[in-house]
Amino acid sequence: MKVLISGGGIAGLTCAYWLFQKGHTPVVVERAEAGPVGGYGIDFSGTGYEVAGRMGLRDQLAARQLRSDSITFVHAVEGVTARLNRRLVEKVLRGPYLALMHSTLEDVLAAAIRDKVEVRHRQSIAAVHQSDARVDVTFADGAQASFDVLVGADGVHSRTRELVFGAEPRWARHLDFSMACYPVPDIPGLADTRTHFTEPGRQTVLYPTDKVGTSIALFLYRSGPHGSIPRAERAARLRATYTDSGWHTAQLLGHVPDDGFFMDTLTQIEMPRWHCGRVVLIGDACGALTLTSAQGASLAMAGGYLLAEALAAHPRDHETAFAGYEEQLRPVVAERQRRARTMARGLVPATRVGLAAQRLIMPLVLRDVCVPLLRRGFGDTSSILRTAANDMMDMETAQ
Ligand SMILES: Cc1cc2nc3c(=O)[nH]c(=O)nc-3n(C[C@H](O)[C@H](O)[C@H](O)COP(=O)(O)OP(=O)(O)OC[C@H]3O[C@@H](n4cnc5c(N)ncnc54)[C@H](O)[C@@H]3O)c2cc1C
């Protein structure tokens, strides 16, 4: 089967790897230039970690973990109010977790398909026409080609989704939060940990990257739903939102790049159907969770893997394959989207009273005795590809 994948991110690269393994011919078109981009850090666990294991990539990923050993929550007056260490996180998640740069995961996935799958950078689709027998695609440079199947893996603002299913506003659920991030020089004493500083309605996060001397400043704040903010206006918008903020925020804002940086709303994608004819969506394109789930990358890999498995099981019946893939993943995505919404509100309370409650509760619950409670809060983030053998191993480890 000749498969076009629009988007060479986490979902697209994973899907390309597994389609190739199953004997298909995937081609990836990726809008961005080849090579690593700056970006942001991700927590990586659960199904994605399991799929990475099946691809033989765990050791490579583990070797490129960020220098972050714990997550610290600080307050303007009281200083450190709570700490979450890796051991507790892994207990809650019922398995290992890695702190990585998003670009590291992409880099490792890209290396896994190098010389096997054709990846065309600085290319994207401009038009799609489906018939019973094939999908005809016109690319941005005017070139045309036909494929058996088109996979939209082009992220939360998916172009494939727009062309085939309709414009983004139909599928977007805005959480009334925005985020922004960019690299900054390390702050001495804060270079080996992730630190969250929260005020009513806004949070500043600082964490290390894979480059010595460089951290990421991430800003998460309550905002109305808004469209894309022009790059030239972003710095002013961020400074205005964080006026009079405490902790090191003013220093971090001093490094804001005036020529643009990542800024977006927290938007989940909810669609009644993830496939239409010979076109199917995976990853954020159909089920964006937002960063507060800390599961988006993991489920993007799950989507790529499960779709390839389904097409391998039904090579002559893409409709059945698409339906099977969607049936398996949709309930998991819906549940984690729901928790991500709750998590966003809890992470950045709107009021002083909410913040005071957070400061009281956090040190009480971030403890071993509260693992069952924390698991209820986070939900089941373990792999959805579990086997009886995995479960036995878990039980033995827990004893
Ligand atoms: C700040 C931040 C923090 C996050 N933290 C976490 C975390 O801790 N844990 C976690 O699991 N997830 C986290 N996420 C979410 C996670 O990054 C996403 O869920 C995941 O990357 C989705 O993978 P994807 O492949 O579907 O989309 P993406 O990774 O967005 O990849 C889409 C790809 O498609 C390309 N593309 C876009 N449009 C086109 C086009 N028209 N033509 C061709 N190519 C196109 C893009 O360049 C990109 O390479 C975070 C996200 C952000 C923004």
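This is a predicted model: local features need pLDDT of at least 70, side-chain atom pairs count only at pLDDT 80 or more; totals for chains, interfaces and linings use all residues.

Modeller: Setting aside residues up to four places away in sequence, L175 touches L266, Q268, T290 and R341. A340 also belongs in the description: 165 residues separate it from L175 in sequence, yet their C-alpha atoms are 9.4 Å apart.

Most residues other than glycine have a negative phi. T290 is not a glycine, but its phi is positive, at about 90°. T290 sits in the loop between α9 (284-287) and α10. Its relative accessibility is 15%, so T290 counts as buried. D244 also has a positive phi, of about 60°, without being a glycine. D244 lies in the loop between α7 (231-241) and α8 (249-253), and with a relative accessible area of 75% D244 is exposed.

Two packed helices are described by the angle between their axes and the distance between the axes. For helix α1 (residues 10-21) and α10, the angle is about 30° and the axes are 8 Å apart. The limit for roughly parallel is under 35 degrees, so α1 is roughly parallel to α10. The crossing of α1 past α10 is right-handed. On the α1 side, I10, A11, T14, C15, W18 and L19 make the contact, and on the α10 side A297, A300, M301, G304, Y305, L307, A308 and L311. By type, 12 of these residues are nonpolar and 2 polar, with no charged ones.

Next comes α10 with helix α11 (residues 318-347): their axes come within 8 Å and cross at roughly 155°. Over 145 degrees counts as roughly antiparallel, and α10 and α11 are therefore roughly antiparallel to each other. Here, too, α10 passes α11 in a right-handed crossing. From α10 the contact takes L299, A302, G303, L306, L307, A310 and L311; from α11 it takes H318, A321, F322, Y325, Q328, L329, V332, V333 and R336. This contact divides into 12 nonpolar residues, 3 polar and 1 charged. L307 and L311 of α10 are listed for the contact with α1 and again for the contact with α11.

Behind these contacts is the largest nonpolar core, of 72 residues, in which F44 and Y325 have the most contacts. Helix α10 (residues 296-313) contributes the most to this core, namely 11 residues. Beyond its neighbours within four places in sequence, F44 is in contact with Y49, A52, L61, P96, Y97, L98, L100, L105, A297, S298 and M301. Another core lies apart from it, with 31 residues that include L84, M101, M179 and C370.

M179 is also one of the residues touched by F262, along with A180, C181 and R234, not counting residues up to four places away in sequence. F262 is in strand β16 (residues 262-269), and its 34% relative accessibility makes F262 partly exposed.

How values were computed: Residues are numbered from 1 along each chain as its sequence is written. Side-chain values use heavy atoms; hydrogens and water are left out. A nonpolar core is a set of buried Ala, Val, Leu, Ile, Met, Phe, Trp, Tyr and Cys residues joined through side-chain atoms within 4.5 Å. Buried means under 20% relative accessible area, exposed over 50%, partly exposed in between (1.4 Å probe, protein chains only). Helices (H or I, at least four residues) and strands (E, at least two) are DSSP runs, numbered from the N terminus. Contact means heavy atoms within 4.5 Å. Axes are lines fitted to C-alpha atoms, for helices over the stretch in contact, and angles run from 0 to 180 degrees between N-to-C directions. Angles under 35 degrees count as roughly parallel, over 145 as roughly antiparallel, 65 to 115 as roughly perpendicular and the rest as oblique. A crossing is left-handed if the near helix is turned anticlockwise from the far one by less than a right angle, and right-handed if clockwise. Ala, Val, Leu, Ile, Met, Phe, Trp, Tyr, Cys and Pro count as nonpolar, Asp, Glu, Lys and Arg as charged, and the others, Gly among them, as polar.
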